[in-house]
Amino acid sequence: MNPEKDFAPLTPNIVRALNDKLYEKRKVAALEIEKLVRESVAQNNAVQIKHVIQTLSQEFALSQHPHSRKGGLIGLAACSIALGKDSGLYLKELIEPVLTCFNDADSRLRYYACEALYNIVKVARGAVLPHFNVLFDGLSKLAADPDPNVKSGSELLDRLLKDIVTESNKFDLVGFIPLLRERIYSNNQYARQFIISWILVLESVPDINLLDYLPEILDGLFQILGDNGKEIRKMCEVVLGEFLKEIKKNPSSVKFAEMANILVIHCQTTDDLIQLTAMCWMREFIQLAGRVMLPYSSGILTAVLPCLAYDDRKKSIKEVANVCNQSLMKLVTPEDDEPDEPKPVVQRQAEANPDSSVARPEGSASGGPDGSCDSINVFTPASADRAPVTLDLDGIVQVLNCHLSDTAIGMMTRIAVLKWLYHLYIKTPRKMFRHTDSLFPILLQTLSDESDEVILKDLEVLAEIASSPAGQTEDPGSPDGPDLRISHPELQVPTPGRAGLLNTPGTKGLECSPSTPTMNSYFYKFMINLLQRFSSERKLLEARGPFIIRQLCLLLNAENIFHSMADILLREEDLKFASTMVHTLNTILLTSTELFQLRNQLKDLKTLESQNLFCCLYRSWCHNPVTTVSLCFLTQNYRHAYDLIQKFGDLEVTVDFLTEVDKLVQLIECPIFTYLRLQLLDVRNHPYLIKALYGLLMLLPQSSAFQLLSHRLQCVPNPELLQTQDSLQAAPQSQEANTPSIDYAELLQHFEKVQNQHLEVRHQRSGRGDHLERRVVL
């Protein structure tokens with residue numbers, strides 16, 4: 001500094017003292033400056049006041065010499081004290097050089113700058129609020145200062161500024177939010193603590209409505225919640241808790257739509273505290289905002305579904321996620337299946353990508369000063385109020401399909417996915433059937449799941465698809481979308497009125513297909529694909545086949561299931577599989593409680609429908625000779641059973657064949673065939689029953705089954721001993737006589753034809769190995 005330079009009205013003594021290295025001498029100079037400025041104020045000499053401040057700023061506070069800068073700082077503080085209430089007129093000139101010194105490399109000088117600004121602000125009080133942003137910016141930097149003295153001084157200044165903001169009703173929140181949004185992404189723990197403390201203060205001021213600007217800072221708050229410092233995390237929890245309380249009190253003024261995707265992102269983080277907090281917020285948002293959250297359903301499900309498979313270590317998150325899932329599901333109603341109304345261009349743009357954050361990686365939420373929160377907000381505040389709520393069904397189905405296809409996903413998540421699909425097919429069937437072709441393969445694949453509960457839910461979905469009126473391909477396309485008529489070359493939809501074809505010798509295929517109006521084209525497609533899956537996965541057939549078929553009989557029409565499967569198996573070229581499948585179906589038919597009504601229907605063959613069913617089953621049951629006999633026993637066609645057993649002498653008797661005869665003998669002793677055993681008392685009217693049983697006895701080797709059946713037949717009474725007056729009357733006609741519409745001779749010919757096919761295949765296998773390519777003739 002040039003000592004000969006004129007610093008008037010500052011005297012040479014003042015200038016010399018300001019440049020002194022001793023604090024006491026600089027303090028004396030400051031007192032002189034204070035006296036000088038007071039005199040100027042008394043004389044109303046504004047020009048001289050500005051000149052003094054400018055000199056202290058340019059020549060001292062911004063000087064290259066450290067002692068001069070210290071002198072300038074204390075001098076500017078002295079000016080502010082002297083100006084008193086008039087300091088507000090010169091605040092810009094007083095504050096700017098002091099804030100510049102906040103960046104000084106000398107920690108002592110930064111401390112003095114903090115002290116000087118404290119005195120300036122203390123005098124000006126509310127007048128400093130127009131300069132709040134620059135003060136906040138400077139303080140946020142000092143909060144992370146490595147020097148403890150500087151940090152201590154900044155804390156004093158910070159408390160003073162908070163007191164001023166709390167007392168005033170002129171705080172410019174709109175102007176402050178951009179700075180807060182920028183600074184909230186700081187990674188420094190002290191800066192984060194500083195930010196959180198200010199948000200707490202602003203939230204506590206009644207005249208400041210920070211809730212309106214919550215979408216701007218919510219992402220940053222969740223970032224801070226993941227801080228390593230326990231104290232900072234606790235402070236952030238308190239802030240988020242206060243905001244959530246405010247949201248519950250005033251839900252009508254909350255911009256739920258603008259914060260939905262922010263929560264979606266943080267619900268997927270690996271930090272337990274962040275995830276739990278975000279999930280709790282999501283739960284409240286769904287319950288408070290209701291259908292406003294529907295456009296974000298796919299993103300919410302992406303975040304929530306994996307949490308449902310958490311173990312007890314994350315029990316709290318799992319429970320909250322389950323509530324979110326259930327609450328969101330309740331928001332879907334039949335009105336979402338209505339035709340989509342044409343929407344304004346602006347609205348379509350607003351709704352173009354409400355779930356754009358779904359695919360964002362976890363780390364991408366960190367954002368920063370470029371305003372990453374803005375990229376998440378889909379609706380502007382205005383459009384959020386006007387835009388009608390639309391269910392993003394395409395996005396939801398995509399998410400559900402993705403989760404169901406992921407073999408690594410947990411059981412509870414898979415169950416939740418299937419519950420969602422079932423719910424959507426119930427509430428929005430017309431729109432859901434647009435996605436059925438893409439969902440169908442994965443639903444069939446899910447039948448191989450290890451969990452019975454998953455399979456049960458999967459079967460419920462498949463049953464709903466197969467029985468829903470919305471799946472009728474004959475219906476014209478819905479007005480709100482593409483035509484629902486799906487063309488499947490391999491699928492032949494059965495038509496009613498086929499009963500008259502029963503006596504045609506070559507009748508096969510569609511005449512035996514189900515024709516119940518409640519079943520749509522997907523039912524028959526389902527049956528075809530299910531049998532194909534059993535054929536390709538024999539372990540699935542052995543382990544879960546009976547379970548799956550029994551459950552389907554509960555969910556759908558049992559007659560339709562057996563009718564359609566028998567029809568499909570009739571055209572099956574893999575004869576070994578056909579025989580195995582027929583054996584499985586027969587065992588289910590004879591033993592399962594779910595088939596009680598169907599057994600009763602077949603027992604008497606009183607109706608044309610039951611006769612039609614018997615003929616259809618019989619043609620496919622011919623793939624397995626023993627099951628064919630058991631079907632005749634069930635339907636009381638004893639004479640035909642005897643005729644079949646006579647044909648067994650021409651068959652190749654194998655161990656497997658004898659094993660099946662053994663099992664049939666065991667079945668005859670079961671409660672299902674109680675009526676058959678009682679009919680043995682009526683020898684005169686059921687002679688072919690006894691002949692058929694003796695025929696089975698002659699087929700068996702000396703075994704336990706032989707002994708069992710032999711003992712049973714020994715109990716048959718002598719018909720002469722049982723004769724009564726009633727029995728001498730005309731005997732009732734046999735079942736065969738009661739069903740003239742059934743051509744039993746043709747059925748017997750069909751049996752011989754099928755058995756010849758099996759014999760030919762066995763001979764071919766013995767020559768070229770035991771491998772046959774399976775092909776279904778459709």
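**Helix packing, nonpolar core and cysteines in a predicted model**

Helices α7 and α9 are roughly parallel to each other (angles under 35 degrees count as roughly parallel, over 145 as roughly antiparallel, 65 to 115 as roughly perpendicular and the rest as oblique). The structure is a predicted model, in which local features need pLDDT of at least 70 and side-chain atom pairs count only at pLDDT 80 or more, while totals for chains, interfaces and linings use all residues. Residues are numbered from 1 along each chain as its sequence is written, and side-chain values use heavy atoms, with hydrogens and water left out.

Helix α7 spans residues 132-142 and helix α9 residues 173-183; the two pack at an angle of about 15°, with their axes 10 Å apart. Helices here are DSSP runs (H or I, at least four residues), numbered from the N terminus, and axes are lines fitted to C-alpha atoms over the stretch in contact, with angles running from 0 to 180 degrees between N-to-C directions. On the α7 side, Phe132, Asn133, Phe136, Asp137, Ser140 and Lys141 meet Gly175, Phe176, Leu179 and Arg183 of α9 (contact means heavy atoms within 4.5 Å).

The largest nonpolar core holds 242 residues, among which Leu221, Trp281 and Phe633 touch the most other members. Such a core is a set of buried Ala, Val, Leu, Ile, Met, Phe, Trp, Tyr and Cys residues joined through side-chain atoms within 4.5 Å; buried means under 20% relative accessible area, exposed over 50% and partly exposed in between, with a 1.4 Å probe and protein chains only. Helix α14 (residues 272-289) gives the most to this core, with ten residues. Residues up to four places away in sequence not being counted, Trp281 touches Leu214, Leu218, Phe222, Leu240, Phe243, Leu244, Ile247 and Leu263.

Zero disulfides were found in a search of the whole structure, a disulfide being a pair of cysteine sulfur atoms within 2.5 Å. Cys267 is in no disulfide, the nearest cysteine sulfur, that of Cys324, being 6.7 Å away. Cys267 is buried, at a relative accessible area of 1%. For Cys280, the closest cysteine sulfur is also in Cys324, and the separation of 7.9 Å is too far for a bond.

Beyond its neighbours within four places in sequence, Thr413 is in contact with Leu305, Pro306, Leu308, Ala309 and His403.
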